[in-house]
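Please look over the model shown here before reading the points that follow.

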Amino acid sequence: MNVMQQDLSRETHTLHNHVHRREVLNVCGLSAGYGPMRVIHDLDLIVGSGERIGIVGLNGHGKSTLFYAIAGLTGWQRGSIKLNGIEVGRTRSQGPGRYTHQIVRAGLALIPQGDEIFHGLTVEEHLDSGAFTPRSWRERKERKERILQIFPPLKKLMAVPVGRLSGGERRMVSIGRGLMGEASLFLVDEPSLGLAPKIGKNVIDALMALDLGGSAMVIAEQNVSLLEGRVDRIIGMHVGKLKGEASAALMLHDQGGV
Amino acid sequence: MTELSQAQRTWRNPLFAWDSAQEVEQLPTASYVSHQEIWERTRSSRTELFKVGRLRYYHKWAGHGQSTWRRSRYWPTRRRVLRIRGEYNDKSLRREKTIVDKRPIWWVVGLMVLALVPLITPERLENTLLTAGVTFGIYAAINLCWMLVIGTASIFSLATYAIVGTAAFMTAYASTMFGLPWWLLPPLGAIIGLIFGGIIALPATRLDGFYYALLTLGLNELCRVYFVTSKEFGSATGGLYGAATYLPQDWSSTGQLQLAYYACFTLMLLALLLYRFINGRQLGRILRIAPEKREAFAEATGVDFRQARVRVFLISSVGLGFIGGFYSANYGGVAFSIFSFDTVLLGLAMLVIGGIGRAEGAVVGTLIVVFFDKVLITLGPIRLIIIGLIMLFVVLYLRNGLFGIKQQFRTWRDKKKSERRSTRAEKGGEMLPEEATEARNPDDVYRRRYDKMQREFLKKLVTPEVINEHRRAPQGQHSESLERLLIYFRNQPQPDKYAISALQSTNGYRIVALSGHRGVAPRVVEDKIYRSPVEAYHGVFLRRVQDLLES
Amino acid sequence: MDVWFVVSNTILLACIYGTLAIGVSITWSSLGLLNLAYGFIFAFAGYGAWLFAQHVSAWGPAVLASGVLAGALGGLFVCALAFIPIHDKPNFTIRGLIATLAINLIGTQSLLWWFGPRSKSLPEIFGTWKLSLPGMTLTADKAGNVITSVVMLLLVLRWMRSSRGGLEIRAMMMNPHAASIVGIGVRRTSFYVMAITGALAGLAAVLLSQTYYISPFGGLTPMIKAVSIALCGGLGSVQGAIIAAIVLGLNEALTTVAIGGRYVLITQFLMIILILLVRPRGIAGILDRAREA
């Protein structure tokens, strides 16, 4: 529980990543917010290839904002974000969402909280819409097959408009859409939010079973017990800053105690 | 200073001389950091300081001396002509006055200039300018009524000229067929306007803004086609002429023009009054509660905005009908061009250039467009292109027309300022300047700034040595830095302060956080159970240190 | 009443109106822009085709293609001027509407200034042949109009259904925010959309010029009809627009036969008002079954 030890362990961990893995994402000194509100404070995060990382933290502590900042969707941001070595962070974003599609095309798959879906498209078209690069468009049949293996319930629903699906099915479609492209970094925002515990667990299981290859995955969750022991690292997030693994354990205690 | 800090690396326990059992003679401790140094470092600004705040400049007028104030009021109401705020200036020891709202002055000056135009125009330009002036008066009146519909009632109707044109055609027809005198035409027009408005208000209650805009655009076209193809409305001659007019035929043409100018000027003044009475009173206020997209909220607070909207729409339709009747009495008839798409476009350009939702916007926008359209008539189609370009520029770059520039600039500046401020500095509990300008009690600002600096200082004292020292002896005599930390922790307010609760059952101790409210039990902070009070003390200390470092 | 005449006229009108209305509808639903510069694009395409016929070749299909291209160009122009600068600013819908109106004013006045008020006529694109069937005659322009517009519409709809660009447009129609998350750029897609709808307007301009003439203000009436049909069909719905085009085409043909061409607009508007009073969101309000939110 010593503060110094905690800092030390974080240091060694990042060092460890530097040596052994290719960096997929390197966030350095990132601050972001909306208007006068600053949500993320000087945050550093390094994600190596093949890693699965869980970010835990309570509501309103900046998990989604961190993902939005990486995707260029926040009001303003400062600091460097390197995706596969390409700088995608801009000191002043020209209004939210102006460059998002370019960042996505550079290899980001953002699976947002609350299912940003297209109501009128069928499940199949929906999955197609995730395959935006020419290569994945050509291979979309095989890719769809792969996703159906991960989410077998979707097989029967391929021709149904997404607007008529249930919450769990929508979440599967939304995640499936994110997995369609050739992303090197998957950002999954609260995959179990709003779902029945069992379905939420299934969704997480599917994410865990995914073969990442050279890419990496960051999962934001409020419920630590769903991720514990199944991801490579758990990082706590508290008022816009990342805390090391040690304090992630502490937060688990906090949640149990409150 | 530095020599001193070198020297005090170890701490000698004064109680050791009494040979107490637990005490140790010397302990390693943090090097002494002078709080003066910290203070100076905090005060010296690392970043450039910018002026912040939202004070606006007002000119201060001298007070009235000894006599009490005479405030001029509109008879018989208690409304004041000018909103003036009186203050006592602490520094000059004098009373002074501030004019809070200067718009009435601008209105009076502007209207006076417009009233004087016929007297000061040079002979050569008189014809052009006065003809343009007549058009300006009528169009400004129309636009004011339209502004009531678009701005106050937020019904995006494009059928304004359809109402005016229909009323004008009907009254001109009535006048030529039944020989009605000129002074009957405007009231008749008002009745026609009411009927027409009643018919098109029907879909307005059900349709969304855009659907209604398109529908009314179609209605306008429908009116045009109908009147153009009807023989009784003069499809052959391009309009219906020969209605009774108020201009005496035996006057000179200059005299007639001047009379027409003043008549139209009066019409505009009437429209301004109407605007003021609708927008500034009950109806307008009700509708300002229910701007678009907050309708559900307005309804929940008991405002019947639908009815208010329809009422505004009907009243302005009556006004438009009246103007239509006046139009045919002014020109002795009416041409089909009043229904043309370009007329609607020009009218919209007038509103947009001035800024939607303001009377001054309608008047000044009309002035600009009429100037290009009627005074620079020799330019040909280019003048309409110029108007279109101005309109395009205004709509692309200005949020609410020319009169919204000031507001837009201020919002933009505030946004940039606060964004830059929040990317620039860390907050750490201190009030941001933007907040500080709105804090009720200035003491709070300073208390929080002091607290922040104190924490900055204390953070530097947290070292492994200090933590080790506390673990060894949570109570008793401490080194200076530890003592400072402990005093700060003890002085924290009650809510969420850590405490230790002794567990009877297991003979252990647990850390809790006080609620700070009488009768509300403390909440448990962690599951860990400490075996001795000393361990628990240290646990509390570690938590507090962590909170301090995180703040 | 001559049934065949009514039917053939209905089909003809429905085709041309459908071409126009679908353009308006797609623009509105994918970009949130109510394109009232459509009249200008229409006239611009007509003049483009006329210039081509005058200076390059008067061969029918080439003239048609040049009109379509000119329309697409006009659409791109409107997009660059009225959509790109303000699409992420507050109050975009009203400002976009006014901006397109301003472009319409500038554009038509420029055309008037450049080409003069005299209207121009295009060569007969489909030739002058006639087909006599028992009970009716089929003129070249009617058959050509119907076939071309149906083919073009089918092509566009097929493209929207099955290609990647079409999928992007449809995705953006439904949820622009999600579209940017899956890597669809709003600005790039907006250029597609405006080029396609402009091309549709260009096609309609060339087809209509077989009956009417090309003049700077000639686009106004088609635009108003297109907008009101799109409105009646429910802004943003392609099927709704097609159904509305058929209904209003039938109405127009019937009115012309029964009471006279003068009353076409009146009956049409009465009908639109009636439909909108019953269904404030147009015919599509009935068709739409997907669960919202």
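The largest nonpolar core has 273 residues, and those with the most contacts inside it are Leu108(A), Leu185(A), Ile323(B) and Ala21(C). The largest share of this core, 17 residues, comes from helix 4 (residues 126–152) of chain B. This is a predicted model, in which local features need pLDDT of at least 70, side-chain atom pairs count only at pLDDT 80 or more, and totals for chains, interfaces and linings use all residues. Residues are numbered from 1 along each chain as its sequence is written, while chains are lettered from A and ligands numbered from 1 in the order in which they are written.

**Cores**

- A nonpolar core is a set of buried Ala, Val, Leu, Ile, Met, Phe, Trp, Tyr and Cys residues joined through C-beta atoms within 7 Å.
- A residue is buried if 20 or more other C-beta atoms lie within 10 Å of its own, exposed if 12 or fewer, and partly exposed in between, with C-beta atoms placed from the backbone.
- A second, separate core has seven residues, including Tyr509(B), Val525(B), Phe541(B) and Val545(B).
- Leu185(A), leaving aside neighbours within four places in sequence, is in contact with Val24(A), Leu25(A), Val47(A), Leu83(A), Gly107(A), Leu108(A), Ala109(A), Ser215(A) and Ala216(A).
- Two residues are in contact if their C-beta atoms, placed from the backbone, lie within 7 Å.

**Chain A**

- The secondary structure of chain A comes to 10 helices and 10 strands.
- Helices (H or I, at least four residues) and strands (E, at least two) are DSSP runs, numbered from the N terminus.
- Of the 258 residues of chain A, 47% count as buried.
- Among contacts in chain A between residues at least 6 apart in sequence, 69% join residues at least 24 apart.
- Strand 1 (residues 23–34) and strand 4 (residues 76–83) of chain A pair in the antiparallel sense over seven bridges; Cys28(A) has Ser80(A) in strand 4 as its bridge partner.
- Two strands pair if DSSP finds at least two bridges between them.
- Strand 4 of chain A also pairs with strand 5 (residues 86–87) of chain A, in the antiparallel sense over two bridges, and the bridge partner of Leu83(A) in strand 5 is Ile86(A).
- The hairpin of strand 4 and strand 5 of chain A has two residues between the strands, and Asn84(A) takes a positive phi near 50° there.

**A sheet in chain B**

- Strands of a sheet pair through backbone hydrogen bonds, either parallel or antiparallel.
- In chain B, three strands form an open sheet in the order 3-5-4, with antiparallel pairing.
- Strand 3 (60–62) and strand 4 (84–89) of chain B stand at the edges with a single partner strand each, so one side of each is left without a neighbour in the sheet.
- Neighbouring strands of this sheet are turned by 40° against each other on average, direction ignored; the axes behind such angles are lines fitted to C-alpha atoms, for helices over the stretch in contact, and angles run from 0 to 180 degrees between N-to-C directions.
- Strand 4 and strand 5 (residues 94–99) of chain B are joined by six bridges and run antiparallel, and Arg85(B) has Thr98(B) in strand 5 as its bridge partner.

**Where chain C meets the other chains**

- 31 residues of chain C are in contact with 31 residues of chain B.
- On the side of chain C that touches chain B, helix 4 (92–115), helix 9 (220–233) and helix 11 (264–278) of chain C each supply at least two residues, and the largest share, 13 residues, comes from helix 4.
- This side has 24 nonpolar, five polar and two charged residues.
- Ala, Val, Leu, Ile, Met, Phe, Trp, Tyr, Cys and Pro count as nonpolar, Asp, Glu, Lys and Arg as charged, and the others, Gly among them, as polar.
- 18 residues of chain C are in contact with 25 residues of chain A.
- On the side of chain C that touches chain A, the largest share, five residues, comes from helix 6 of chain C, and by class this side has eight nonpolar, five polar and five charged residues.

**Annotated spans**

- UniProt (unreviewed entry) lists "domain: N,N-dimethylformamidase alpha subunit" at residues 446–549 of chain B; this span is 51% helix and 13% strand.
- UniProt positions are given in the numbering used here, feature names are shortened, and annotations may be inferred rather than shown by experiment.
- The UniProt annotation "transmembrane region" (unreviewed entry) covers several spans of chain B, among them residues 127–148 and 312–329.
- Residues 127–148 of chain B are 100% helix, with end C-alpha atoms 32 Å apart.
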